[in-house]
Amino acid sequence: MILFVALFCCSAMVSAAILQVPSQYVTIIAAHAAAANGDTILVGPGTFMQRVDVSKRITLIGAGYDLTTITSYLAFATGSARSVSEGIRLQFGAHVSGVGALIGEVDSLVFRRCFFNNTATGNSNPYAFSR
């Protein structure tokens with residue numbers, strides 16, 4: 001009985017991992033591939049030209065919207081409900097159809113202190129969010 005209680009208590013103490021870009025992982029995509037539901041990806045200062053397909057419940061934290069820029073977009077897919085994005089600038093333009101975050105059949109997404117900037121000219125879809 002004591003062994004069962006000890007195992008139960010230890011399993012409850014498992015914590016989420018913190019993955020760091022670019023010190024641990026060169027790209028946000030690589031960090032996302034290594035992440036599990038509930039993990040946090042810390043993104044350092046810099047510009048990251050990559051499409052990030054989020055398919056897990058993660059927290060993505062940049063160094064600040066004036067320091068961390070993704071020059072493509074975030075695409076949220078099934079499995080990413082309750083994900084959090086914080087302190088990131090999404091700089092998008094003609095190369096991504098003017099959409100900063102593509103949201104599939106997902107709800108309960110949180111964006112804190114994020115900046116969406118559309119630099120496209122003559123874009124037919126100049127929206128920060130699209131479903």
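Predicted model: local features only at pLDDT ≥ 70, side-chain atom pairs only at ≥ 80, totals over all residues.
Residues are numbered from 1 along each chain as its sequence is written, and side-chain values use heavy atoms, with hydrogens and water left out.

Now switch to a cartoon view. The protein chain has two helices and 13 strands; these are DSSP runs numbered from the N terminus, with helices (H or I) of at least four residues and strands (E) of at least two.

Next, select the open sheet of five strands. Its order is E1-E2-E5-E8-E11, with parallel pairing, where two strands pair if DSSP finds at least two bridges between them. E1 and E11 (110-112) are the edge strands, each pairing on one side only. Zoom in on E2 and E5 (residues 59-62), which are joined by four bridges. Click Leu 42 here: its bridge partner in E5 is Ile 61.

Then show side chains for the largest nonpolar core, which has 21 residues. Such a core is a set of buried Ala, Val, Leu, Ile, Met, Phe, Trp, Tyr and Cys residues joined through side-chain atoms within 4.5 Å. Elements giving two or more residues to this core include helix H2 (28-34) and strand E2 (40-43).

Finally, which residues does Ile 28 contact, leaving aside its neighbours within four places in sequence? They are Val 21, Val 43, Phe 48, Gln 50, Val 52, Leu 60 and Ile 70, with contact meaning heavy atoms within 4.5 Å.

Technical notes: Buried < 20%, exposed > 50% of the residue type's maximum accessible area, 1.4 Å probe, protein only.
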